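Dear colleague,

Please find below the structure that I am handing over to you. My notes on its pockets and on one helix follow it.

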Amino acid sequence: MKKPLIGVSLCNWQLMDWDKRHYHLVGDKYIRTITGYGCFPLMVPSMQEDLDIDFALDNMSGFMLTGSLSNIDPKHYGMTVEGPDFTDLERDATVFKLIPGIIERGIPLLGVCRGIQELNVLYGGTLHRKVHEVPGMMDHRETPDVPDEVCYAPSHRVRFTEGGLLHKTFEGKTEIMVNSLHNQGVNVLSDNLVVEAVADDGLVEAVRVKNAKGFTLATQWHPEYHFWEYPDSQRVLKLFFDACREYHAQKENMVENQRRENVA
């Protein structure tokens, strides 16, 4: 059996002010996670109208909405912003076209950090642009100027929704410690999403898509970082990659059955 191809959302950035070229980028940790679980990354560039969506969907057995330094353009949830804002319009346009097809086909979907925000905005929710400035909220931002092993270390707990997917996966465990590296977060939750975990300050930290045909999960934290060191991260990732392998096996069986019918 061929390895499952896992679609990966790429960012589209100009890296420096003086360099007007655009680059398609993704963090190394996402690629290492996919290969570490025996799959192969299928890079999906942020190309809007030039991207063959059906071709991408036909060839993937899962999709990972990766985290990013960029923010979703606030116009997508009815806000205007004065002053500079690090957005990625090409990525916004691309993932907002991809996600509905992924959900419709039942392709397993895992969102990380920006990924949970993309799901919420796509389905009509809104975001806090600066969580740390909201009264009663914790400062969820990463610690500056420290090594990654400190930056990505567990820093606060999340509580699982009783009876939810994560609650069942962790066999009745009600909470875990997670890392926290984000400025923005869910404000008004979309009616199409189901809460799977919240932080102590009430911020939504994990969701799934209501009535989706296939596996869906998105976390505000980063389970992909050095997953081999964190058993809790491995449990979350195993859910996704098991679903990808099952979807892939079903695709392979369909292809084989069609081949046999053609031979007959």
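**Pockets and a helix**

The second largest pocket draws the largest share of its lining, six residues, from α7. This is a predicted model, in which local features need pLDDT of at least 70 and side-chain atom pairs count only at pLDDT 80 or more, while totals for chains, interfaces and linings use all residues. Residues are numbered from 1 along each chain as its sequence is written, and side-chain values use heavy atoms, with hydrogens and water left out.

A pocket here is an open set of points on a 1 Å grid over the protein atoms alone, where a 1.4 Å probe fits, with protein on both sides within 12 Å along at least five of seven lines; lining residues have an atom within 4 Å of a point. Volume is the space filled by probe spheres set on the points, which are joined across faces, edges and corners. Helices (H or I, at least four residues) and strands (E, at least two) are DSSP runs, numbered from the N terminus.

The second largest pocket has a volume of about 270 Å³. Among its 13 lining residues, Asp58, Asn59, Lys251, Glu252 and Val255 are the closest to its centre.

For the largest pocket, the volume is about 530 Å³. Its lining has 26 residues, with Gly67, Ser68, Leu69, Glu142 and Leu181 nearest the centre. Two or more residues each come from β2 (11-13), α1 (28-36), α4 (114-122) and α5 (148-151).

Just after α4, Gly124 has a positive phi of about 100°.

With kind regards
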